[in-house]
Amino acid sequence: MSDDNISGDRINAIVVGAGLGGCACALALKHHGHSVVIYERLRAFRRLGDSLGLGENALKLLERWGGRGLYHRLTSIGNQAQDMQIRRWHDGKILAVQPLMDMAGYIGHRGDYHEAFLDAVRDAGIEIRMGCEVTGYEDEETSRPSIIFAHGARVSADVIIGADGIKSRARELVLGFTDAPKSSGYSCYRAYFPGAHLKEDPLCREFVDHDCVNIWIGEDTHLVQNTLRNGDEFNWIVTRKLSHEADMEIRESWFEEGDLEDVMRVTATVDPRIRAAVAKTPSCLDWKICYRDPLPTWVSPRSHCIALLGDSCHPHLPTSAQGASQATESAAVLAMCLKLAGKERIPLATRTYEKLRFARTRASQSNGEDLRDRWHNALKDVDDGEVIDPESLKIRNRWLYAFDAEADTLERWEEVSSLADRELQTGKITPLC
């Protein structure tokens, strides 16, 4: 395989991974004048996952890169309800009401969002080379970085972005060691299925006949219900604290079949209305929630020309409702940094990028941890008649949405790039954490 995408003075970029983060990165790079090709391990995509939120902090960028049509397509995928209700576990009493836009923005099916991202990439004229499994990276001070494929071929570029997810191979290169996942101590049972047959049950009909989002909170557990397309699609997610060591065995997989008998045990005391819907679930997945410690760097140590993006460097808990949005922000910042630094100063771009992004992504990650803990502890030692402050239960994501990642990069470029330049000159890169 040859370097067939070199384009004069334009920065020649490779993105590894055509997930949401990789697609956002490619769109941002192309928008800012760079040449980009995506390499994806899979030969074809399936409609995987379930509910995912996109906030205005991401949507404003995607509209800028892909036009008003992309914005409308993405917002139409999401839940159209105005508000979400946070309810008491055992009887469904409403404890707080919050605008859905304050929670996660537009909550839709991950597969539908992914299809829209992929179409936007193709509409932008960006090539996605499928069935290309990247098994290694070359990172040397005196040459351009390269990716190595399973069949042994190599291809190089001016900059390589590892957007290859939570199991990133690029992360191992950047860190210099294998970064094993750790159990968060929590797990999700997740189900997504047509909701038509639930509409016949008077007990749960109110949660299925229109777009809505409801959250039941209990001790060390919560249940999120998301109904889309007026009940055509129904999703629930039960997050519970694990109590047995065997349950904490780490299996990072979207395909692990869940035990519906255990689901019924976990939800035995929940509001009977939502339990009726859970009881009619045909199948579910068991997703162990893993985490990784914050990384001290997102950039390769020798050339500084391989950078991580999205879940490969800042994975988020589901309760953050910001994983895809933060990956989109990171895409914007990296593309801007490359544009401002230019082709001859890519190490300055990547080192400035990680400094600009780390604190914000870490705060967003912590937001999800804080929310989970507040929900799981709100009803402990609280009598039924005791009033709970609604504000203590609400999702605190509003501060994230007004942010413009590109404008922030322009505003802070001189200050942060000067710091990065000094570190590159001395060879003493300050760890991010």
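Residues are numbered from 1 along each chain as its sequence is written. Because the model is predicted, local features need pLDDT of at least 70 and side-chain atom pairs count only at pLDDT 80 or more, whereas totals for chains, interfaces and linings use all residues; side-chain values use heavy atoms, with hydrogens and water left out.

Helices (H or I, at least four residues) and strands (E, at least two) are DSSP runs, numbered from the N terminus, and two strands pair if DSSP finds at least two bridges between them. An open sheet of five strands has the order 7-2-1-11-17, and its pairing is parallel. Its edges are formed by strand 7 (127-129) and strand 17 (306-308); each has a single partner strand, so one side of each is left without a neighbour in the sheet. From one strand to the next the twist averages 25°, where axes are lines fitted to C-alpha atoms, for helices over the stretch in contact, and angles run from 0 to 180 degrees between N-to-C directions. Within this sheet, strand 1 (residues 12-16) pairs with strand 2 in the parallel sense over five bridges. N12 stands opposite S35 in strand 2.

A second open sheet consists of three strands in the order 8-9-10, with antiparallel pairing. Strand 8 and strand 9 run antiparallel and are joined by four bridges, and E138 stands opposite S146 in strand 9.

Rings of Phe, Tyr and Trp (its six-membered ring) pair if their centres lie within 6.5 Å; planes under 30 degrees apart count as stacked, over 60 as edge-to-face and the rest as tilted. By this rule the count comes to five aromatic pairs. In one of them, Y39 and F149 form a tilted pair, 5.2 Å centre to centre with 55° between the planes. Y39 belongs to strand 2 (residues 35-39) and F149 to strand 9 (residues 146-149), so this pair ties together parts that are 110 residues apart in sequence. Both Y39 and F149 are buried (under 20% relative accessible area, with exposed meaning over 50% and partly exposed in between; 1.4 Å probe, protein chains only). F207 and W216 form an edge-to-face pair, 5.2 Å centre to centre with 85° between the planes. F207 is buried at a relative accessible area of 2%, and W216 is buried at 0%. Elsewhere, ring pairs link W298, Y353 and F358 into a cluster.

Another ring takes part in a contact with a charge. The charged end of R360 sits over the ring of F403, 3.7 Å from its centre; for this description, NZ of Lys or CZ of Arg must be within 6 Å of the ring centre and within 35 degrees of the ring normal.

Strand 12 (residues 182-194) is mostly covered, with 10 of its 13 residues buried. Strand 12 pairs with strand 16 (residues 285-291) in the antiparallel sense over seven bridges, and the bridge partner of Y186 in strand 16 is I289. Strand 12 also runs antiparallel to strand 15, to which nine bridges join it; in strand 15, N235 is the bridge partner of Y192.

Most residues other than glycine have a negative phi. R229, however, has a positive phi of about 55° although it is not a glycine, and this residue lies in the loop between strand 14 (221-228) and strand 15 (233-241). N230 is found in the loop between strand 14 and strand 15 and has a positive phi near 55°. R229 is partly exposed, with a relative accessible area of 37%, and N230 is partly exposed at 47%.

The axes of helix 8 (residues 323-341) and helix 9 (residues 346-377) come within 8 Å and cross at roughly 155°. Helix 8 passes helix 9 in a right-handed crossing, in which the near helix is turned clockwise from the far one by less than a right angle, a left-handed crossing being anticlockwise.
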